[in-house]
Amino acid sequence: MKKVKRAAPLNIMQTRRQMLLSCLALASLTGRAGFAAGALIPASQGAARPRGGAHCVMIDPGHGGIDPGAIGHQGAKEKHVVLAIANKVRANLAQYSHIQTRLTREQDEFIPLYRRVELAHEHQADLFVSIHADGFTSPSAAGASVFALSNRGASSAMAGYLSQKENAADDVAGGKYRQQDNYLQQVLFDLVQTDTIKNSLTLGRHLLNHIRPVHQLHSQHTEQAAFAVLKSASIPSVLVETSFITNHQEEQLLETAKFQDQIALAISSGIVDFFAYFDAHERHAGAAPGR
């Protein structure tokens, strides 16, 4: 029996993007409702990256500007903490010549959720990692978590709560961006998205493997929920909740350079491992007969 070869997910990333663009174009030509006029991914962004070229990672520091995110009991603001961690992640990844890193924001500014996803596509990102610091009603909640997208409902009550909370981030702008964010709710192409979610779960596993030794985990596995910022149909995407800023001890931790360095290194190392995993898979697939 002829052995069936497994496809290398990162190899077909651009093909997925072109499929997505074709679906979007078809939808607009046939008058399908629900797509925001300004939210379509430009066709020029579908050009394939050369085989073996540098990987691009979009790091997304959550919240910003008029949206402070969660606020700790001592006044620490999520938007400031996660920007500091994101900058440290970028600095760590700068050591690797095969990885390019971009940030959705580099200062204290408000960026709507749909625009964060657009930026990842405009830069032809291979991964999207959104960094946050949990806020919860009970100060006893503690630990780090990693989330991937789910199109079948939340994997836990906490995942559902946090996704609703994060998806409401644009409400601070008075509903100005709701029409554009509807684009994220509509553009879910199952055949493409299922593969992307699988890759997101793989990325989540690599991240958790590195976070576990440096900080307690709220959940031992990658949780899933309908986070709007993770709804790219073609880019593996995860949301990392580094800690609960509403927990007294973890609020203090989040503001220390030591912890920020540790969690940033864990995130960076997980990303590097993810790319190493798929690069090895790509080499194996390339050496297979009949490739």
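Colleague: Is N92 buried or exposed in this model?

Modeller: The model is predicted, and what follows should be read with that in mind. A residue counts as buried when its relative accessible area is under 20%. N92 has a relative accessible area of 17%, so N92 is buried.

Colleague: Where does N92 sit, and which residues does N92 touch beyond its sequence neighbours?

Modeller: N92 belongs to helix α2. With residues up to four places away in sequence set aside, N92 touches A264, L265 and S268. N92 and L265 are 173 residues apart along the chain, yet their C-alpha atoms are separated by 6.8 Å.

Colleague: What share of the contacts in the protein chain join residues at least 24 apart?

Modeller: The count takes contacts between residues at least 6 apart in sequence, and 84% of these join residues at least 24 apart.

Colleague: How many helices and strands does the protein chain have, and what pattern do they follow?

Modeller: There are 8 helices and 6 strands. Along the sequence, the pattern reads α-β-α-β-α-β-β-α-α-α-β-β-α-α. Of the 291 residues in the protein chain, 54% are buried. The chain exposes about 13000 Å², and carbon and sulfur atoms supply 53% of that area.

Colleague: Which residues touch the most other members of the largest nonpolar core?

Modeller: A nonpolar core joins buried residues of the listed nonpolar kinds through side-chain atoms within 4.5 Å. The largest core here has 38 residues, and I59, I85, V129, I131, I267 and I271 touch the most other members. At least two residues of this core come from each of β1 (55-61), α2 (78-93), β2, β3 (127-134), α6 (190-211), β6 (237-244) and α8 (257-286). Helix α8 gives the most, with 10 residues.

Colleague: Which residues is I271 in contact with?

Modeller: Leaving out neighbours within four places in sequence, I271 is in contact with V57, I59, L93, L127, V129 and L207. There is also a second, separate core of 17 residues, which includes C56, A120, A125 and L239.

Colleague: What joins the side chains of T104 and D60?

Modeller: A polar contact of 2.6 Å joins the two side chains. T104 is in the loop between β2 (99-103) and α3 (113-122), and T104 is buried at 6% relative accessible area. Neighbours within four places in sequence aside, T104 is in contact with M58, I59, D60, P61, I111, R116, L119 and F128.

Colleague: The backbone next. What is the phi of H63?

Modeller: The phi of H63 is near 65 degrees, a positive value in a residue other than glycine. H63 is in the loop between β1 and α2. H63 has a relative accessible area of 6%, so H63 is buried.

Colleague: And what is the phi of Q124, and where is Q124 found?

Modeller: Q124 has a positive phi of about 55 degrees, although Q124 is not a glycine. Q124 is in the loop between α3 and β3. At 17% relative accessibility, Q124 counts as buried.

Key. Residues are numbered from 1 along each chain as its sequence is written. This is a predicted model: local features need pLDDT of at least 70, side-chain atom pairs count only at pLDDT 80 or more; totals for chains, interfaces and linings use all residues. Side-chain values use heavy atoms; hydrogens and water are left out. Helices (H or I, at least four residues) and strands (E, at least two) are DSSP runs, numbered from the N terminus. Buried means under 20% relative accessible area, exposed over 50%, partly exposed in between (1.4 Å probe, protein chains only). A polar contact is a pair of N or O atoms within 3.5 Å; within protein, one must be able to donate a hydrogen and the other to accept it, and residues adjacent in sequence count only if both atoms are side-chain atoms. Contact means heavy atoms within 4.5 Å. Accessible areas come from the Shrake-Rupley method with a 1.4 Å probe; for residues, only the protein chains shown count as cover.
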